[in-house]
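User: I'd like to learn how to read aromatic rings in a protein model. Could you walk me through it?

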Amino acid sequence: MNLSSQHHTTRSALTSLTTPFLYTTLGVIGALSLSGCSSTSSTLSAPLSIPDNAIIAHRGDSYNAPEATLPAYQLACEFGADYLEVDLQRSKDGVLIAVHDNNLRNKTNIAEIYPERADSPVSSFTWAELEKLDAGSWFNSAYPERARESYRGLQLMTLDQVREVAENCSHQPGLYIETKLPELFPGIEADLRANLQQHGWLDKEMKGKVILQTFEKESLIQLQAEMPDIPKVLLLWTGDGYIDMKPTEPKQDDESWAAYYARVQVASKSAYEEWIDFAKDNGAIGVGPSGTQANFADSWSSNFSYMDLAKPWMIEMNQQKGLVTHIYTLDDAEDLIRYRDRGVTSFFTNRPNLAVEALTGRPAKDVTATLVKLGY
């Protein structure tokens with residue numbers, strides 16, 4: 001869903017605590033301040049069988065475990081996420097896999113295993129080749145305070161493996177699947193339909209358990225053609241090929257990308273409306289805007305704070321057109337509650353444990369104890 005560290009300018013270049021008292025206080029304040037927009041949001045979500053304030057685990061619990069690996073998805077399940085988010089790509093031999101970056105250099109040991117092909121795209125490797133990669137050790141180096149020896153040697157996952165995690169979870173979360181760089185994978189929308197259909201995830205009794213997402217207009221058209229009855233969300237971005245933006249001073253050398261994005265504004269209301277009209281006209285039930293985190297200076301949040309495409313007037317326009325708003329990617333209780341009170345209906349988060357507590361009031365689970373229980 002989000003930008004990788006090496007690609008920050010346009011979407012076309014994509015590959016990349018609060019105390020319980022404060023949670024409770026913010027929750028009470030939020031409940032008291034909810035306006036008619038939240039009831040409108042609930043009205044829009046209910047017919048789709050999508051939970052109110054749905055918590056979407058962004059590549060699993062990618063704060064406490066390496067993204068899109070087995071422990072990340074298992075943690076999201078244990079913590080009560082409503083959906084497991086999957087970035088969908090396809091191996092050279094046709095296997096649907098859950099991986100965000102198209103270049104695997106930063107988050108695997110591909111440079112050691114395939115040194116001459118380290119910068120080759122995912123689509124140039126067979127699944128047997130991809131299975132040999134270590135997708136966990138990078139996390140231990142990047143976040144030593146959350147490192148675990150058991151993360152060394154974790155493998156990439158297929159869509160089927162993520163689906164099995166959901167099926168084996170006590171509350172069976174849904175799957176929220178993004179076609180990642182679909183222009184590199186012709187026909188991936190049809191492959192996805194065949195896979196989900198084969199395993200019963202498109203059956204009527206599974207209503208609301210699958211949501212499809214994409215940044216690309218053409219992929220939305222293809223997803224609608226393949227799965228017209230499955231909810232779809234058009235993800236929003238600004239810049240070349242996406243929503244027109246106002247002229248903005250370039251990013252400064254001493255400025256973080258998060259600070260730069262906080263300055264970015266859409267060119268006009270009509271520029272924004274053009275995109276949400278396209279979404280509605282082509283089968284989407286909602287849009288997926290980026291959000292700006294209130295505290296984006298730390299090393300973690302700065303990677304996931306973008307332009308604010310969920311301003312109050314934008315959410316109001318979405319609602320007026322009958323569209324839900326699913327925001328990415330929020331990891332702080334303050335931000336979750338702030339955007340909820342604006343009328344956002346679902347939340348991508350790297351920290352589902354925190355999000356469950358902030359949005360539902362259920363106490364967070366002990367992360368270490370949960371990892372030990374899972375065998376990590």
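Predicted model: local features only at pLDDT ≥ 70, side-chain atom pairs only at ≥ 80, totals over all residues.

User: How many aromatic pairs does the structure hold?

Analyst: Rings of Phe, Tyr and Trp (its six-membered ring) pair if their centres lie within 6.5 Å; planes under 30 degrees apart are stacked, over 60 edge-to-face, and the rest tilted. There are 20 such pairs here. One of them, Phe-215 with Tyr-328, is edge-to-face, at 6.0 Å centre to centre and 85° between the planes. These two sit 113 residues apart, so the pair links distant parts of the chain.

User: Why is the pair of Trp-257 and Tyr-260 edge-to-face?

Analyst: Because their planes are at 85°, with the ring centres 5.7 Å apart.

User: Are Phe-215 and Tyr-328 buried or exposed?

Analyst: Buried means under 20% relative accessible area, exposed over 50%, and partly exposed in between (1.4 Å probe, protein chains only). Both Phe-215 and Tyr-328 are buried. Trp-257, at 26%, counts as partly exposed, whereas Tyr-260 is buried at 13%.

User: Which residue lies over the face of Tyr-63?

Analyst: A charge sits over a ring if NZ of Lys or CZ of Arg is within 6 Å of the ring centre and within 35 degrees of the ring normal. For Tyr-63 that's Arg-351, at 3.8 Å from the ring centre.

Definitions and conventions. Residues numbered from 1 in each chain as written. Heavy atoms only, no water. Helix = DSSP H or I, 4+ residues; strand = E, 2+ residues; numbered from the N terminus.
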